[in-house]
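Take a moment to look over the fold below. Then follow the chain with me, step by step.

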Amino acid sequence: MTRGINKLAKSDRIAMIQMQTRLNVADNTGAKELMCVKVLGGSRKRFAGLGDIIVCSVKSVIPGSNIKKGAVVKAVIVRTKKSARREDGSYVRFDSNAAVLIDNNRNPIGTRVFGAVARELRGRESKGKAKGKAKGEEGFVKIISLANEVV
């Protein structure tokens with residue numbers, strides 16, 4: 001009996017960004033569409049959710065952009081279609097899956113972020129990267145400051 005309850009609770013936590021998932025780009029780097037190649041965070045990590053870093057291949061770009069089609073880039077997920085549960089019991093869900101391109105220092109490559117981003121980006125930090133950061137700089141604060149709406 002308890003096994004079924006745990007199974008339901010686990011399905012609520014799963015965010016459905018995995019290998020081969022197509023995502024929109026929510027910044028002005030010039031890329032339009034990405035395909036997830038790898039979810040970072042361990043050898044057995046299959047799914048990514050809000051604030052997770054993924055490795056992507058650029059599938060389509062706008063003409064004249066610095067990012068080229070076929071380039072392999074890192075991105076952080078800012079919107080997902082799958083609803084994400086918050087600590088207060090509410091759920092947040094978006095109309096599309098979207099990501100923002102980042103460099104190796106976890107800073108956004110673009111200078112603008114389009115659309116709403118989730119509040120969960122603020123609290124996310126990766127293991128090992130948080131050691132050299134100041135107390136208020138955990139998570140993707142720069143992406144949140146560039147976004148015009150935080151949900």
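Buried residues make up 38% of the 151 residues in the protein chain. Here buried means under 20% relative accessible area, exposed means over 50%, and partly exposed lies in between (1.4 Å probe, protein chains only). This is a predicted model, in which local features need pLDDT of at least 70, side-chain atom pairs count only at pLDDT 80 or more, and totals for chains, interfaces and linings use all residues. Residues are numbered from 1 along each chain as its sequence is written, and side-chain values use heavy atoms, with hydrogens and water left out.

The accessible surface of the protein chain is about 9,400 Å². Carbon and sulfur atoms hold 49% of that surface. Such areas come from the Shrake-Rupley method with a 1.4 Å probe, and for residues only the protein chains shown count as cover.

Now the elements. The protein chain has two helices and nine strands. Both are DSSP runs numbered from the N terminus: helices (H or I) have at least four residues, strands (E) at least two. From the N terminus on, the order is α-β-β-β-β-β-β-β-β-α-β. Contact means heavy atoms within 4.5 Å. Among contacts in the protein chain with a separation of 6 or more, 56% join residues 24 or more positions apart.

Which strand is largely enclosed by the rest of the structure? It is E4, because six of its eight residues are buried. E4 has partners. Two strands pair if DSSP finds at least two bridges between them. E3 and E4 pair in the antiparallel sense over five bridges. There, valine 55 has lysine 74 in E4 as its bridge partner. E4 and E7 also pair in the antiparallel sense, over five bridges. Valine 76 stands opposite valine 100 in E7. In a regular strand the side chains alternate between the two faces of the sheet.

Next, the interior. A nonpolar core is a set of buried Ala, Val, Leu, Ile, Met, Phe, Trp, Tyr and Cys residues joined through side-chain atoms within 4.5 Å. The largest such core has 23 residues, and Leu23, Leu34, Ile54, Ala75, Ile77 and Leu101 touch the most other members. Strands E1 (22-25), E2 (31-39), E3 (53-61), E4 (72-79) and E7 (98-102) each supply at least two residues of this core. E2 gives the largest share, four residues. Another core lies apart from this one, with 14 residues, among them Ile53, Val78, Ile102 and Val113.

Take alanine 75 as an example. Leaving aside neighbours within four places in sequence, alanine 75 is in contact with residues including Leu34, Ile54, Cys56 and Leu101.

Now move to helix H2, where isoleucine 144 lies. Is isoleucine 144 buried or exposed? Isoleucine 144 is buried, because its relative accessible area is 8%. Leaving aside neighbours within four places in sequence, isoleucine 144 is in contact with Leu121, Arg122 and Val150. Its C-alpha atom is 7.9 Å from that of arginine 119, 25 residues apart along the chain.

Glutamate 138 sits in the loop between strand E8 (113-117) and helix H2 (141-146). Glutamate 138 is partly exposed, because its relative accessible area is 29%.

Last, the rings. Arginine 106 lies over the face of phenylalanine 140, at 4.4 Å from the ring centre. For such a placement, NZ of Lys or CZ of Arg must be within 6 Å of the ring centre and within 35 degrees of the ring normal.
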